[in-house]
Amino acid sequence: MHSRQSYRTPLFALVLLACAAAPSTRAQTQPFPFDPADPRESVADNAPKPPFVSSARRLLTAPELKDAPDEWIANSLDWVNFILANYQPSLVETPVRRAAMIRLDDVLHIESAPRKPIVQQYYKARLEAALREIETTRVTTGLRIWKLYNHGFLVRTASVSVAFDIVPGTREPGFAMPQEWIDRLAAQADALFISHQHGDHANPDVARAFLALHKPVVAPEDVWTAEPTLAKAVTHLPRNTGPAQTLTLANGRSLSVVPYPGHQGPRILVNITLVTTPEGFTLVQTGDQSGSEAAGSDFDWIAQIGRDQKVDILMPNCWANGLGRMVRGINPALVITGHENEMGHKVDHREDYTQTYTRLFPLRYPAVVMTWGESFFYQRPLR
Ligand SMILES: [Zn+2]
């Protein structure tokens, strides 16, 4: 109808028409009802969304690229590495570090990123560098915490090294650490704590590498039920809210452990693992804790952990529902999030650093945001 009208209209009227049309085009995309205090947690895949984002889950993250030239990816990843090398993780984060993390989001949210050799090489180079650093780092005071893939961490004090949820990478063959690196990682840690059965947290090859060195692997009882031999070799500490249990290590030292009885959804068992080292440092890793928030749910005891324990570092999954409630309940000295950019997920569930910053900001808790292979030196008092 528009074109038929304009065919008979003088030029000045056409200009007027064009001017009048412009605001109405904008009006189609502008008013999307939104509360800026909404942290966008637990957003349903089919929740309402404006047309400029691909998913309601990604409303507070800049829209993703469908693809990108290798040159842009290579320059981006080299620049990210340059920034991360020069601006180490710290309590007060320099703005350019955040820019680098958000550029990482841009690259890793390309749909095909997990299959791109250039991204796979980037992942493996970062993990290999971390492995070498772990092999050559001695800790004499405080602790050092390395963030590995997804929700995996290795924490080292003067007397012990504790690993959480270490997995090689994604199912994409090029996007995984080779077994030799896994064996070397197992040699560097005294125990492995697995939060739950999902493949982005629990990996049989990693568990076997630890067990071969007589190092305990602790997991909920529903992990690897289809592999009875492996399941039998795993330590199933009774899941409860305390008192703490003693886990004896191959080197004769011991850890004090509370395997809190968490859940992902109604059925999957998740150990929210609290570990206290011989030096008295207390760590909590949550796995994919995302159970019900109703009365009588896990939140009843999550809200009390900080009353019973003095937690140094909390490692939550970045997309936990009720992240604020979890952090306030556990009340740690420091938060280090995990699970960003899990590359086995499709783009709208590849939770990004941008979302992590958005969710941490209102909590007003000390937090350090790290990517694959980075580490942070923690000491008391925190600085
Ligand atoms: Zn997960």
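**Notebook: fold, core and backbone geometry**

I began with overall size: a compact globule of 383 residues would have a radius of gyration near 21 Å, and the protein, at 23 Å, agrees with this. I took the radius over C-alpha atoms, and the globule rule is 2.2 Å times the number of residues to the power 0.38. The C-alpha atoms fill a box of roughly 90 × 50 × 45 Å along the principal axes.

I note that this is a predicted model, in which local features need pLDDT of at least 70, side-chain atom pairs count only at pLDDT 80 or more, and totals for chains, interfaces and linings use all residues. My numbering runs from 1 along each chain as its sequence is written.

**Confidence**

I looked up pLDDT, the predictor's confidence in each residue from 0 to 100. The average for the protein is 92, and 92% of the residues score at least 70. Over residues 1-25 pLDDT stays under 50, and the model has three contacts for them beyond four places in sequence; a contact here means C-beta atoms, placed from the backbone, within 7 Å. Where pLDDT is low, the predicted coordinates should not be read in detail.

**Elements and sheet**

I found twelve helices and 13 strands in the protein. These are DSSP runs numbered from the N terminus: helices are H or I with at least four residues, strands E with at least two. I then traced an open sheet of six strands, ordered S5-S4-S3-S2-S1-S13 with mixed pairing; two strands pair if DSSP finds at least two bridges between them. S5 and S13 are the edge strands, each pairing on one side only. Strand S4 (residues 191-193) runs parallel to S5, and two bridges join them. Phenylalanine 193 has valine 218 in S5 as its bridge partner.

**Core**

I recorded 41% of the 383 residues as buried. A residue is buried with 20 or more other C-beta atoms within 10 Å of its own, exposed with 12 or fewer, and partly exposed in between, the C-beta atoms being placed from the backbone. Which residues touch the most other members of the largest nonpolar core? They are Leu148, Ala191 and Leu192, in a core of 88 residues. Helix H5 (residues 117-136) gives the most to this core, with seven residues. Such a core is a set of buried Ala, Val, Leu, Ile, Met, Phe, Trp, Tyr and Cys residues joined through C-beta atoms within 7 Å. Beyond its neighbours within four places in sequence, leucine 148 contacts Leu127, Ala130, Phe153, Leu154, Ile166 and Trp372. In the protein, residues 24 or more positions apart make up 59% of the contacts with a separation of 6 or more.

**Backbone exceptions**

Most residues other than glycine have a negative phi, and most peptide bonds are trans. I looked for departures from this.

- The bond from glycine 242 to proline 243 is cis, with omega near 5 degrees; proline 243 is in the loop between helix H8 (228-233) and strand S6 (245-248).
- Arginine 380 and proline 381 are joined by a cis bond with omega about -10 degrees; proline 381 is in the segment after strand S13 (375-378).
- Aspartate 165 has a positive phi of about 45 degrees and sits in the loop between strand S3 (161-164) and helix H6 (179-188). Is aspartate 165 buried or exposed? With 31 other C-beta atoms within 10 Å, aspartate 165 is buried.
- Histidine 214 has a positive phi near 60 degrees, in the loop between helix H7 (204-212) and strand S5 (217-218). With 9 other C-beta atoms within 10 Å, histidine 214 is exposed.

Methods. Two residues are in contact if their C-beta atoms, placed from the backbone, lie within 7 Å.
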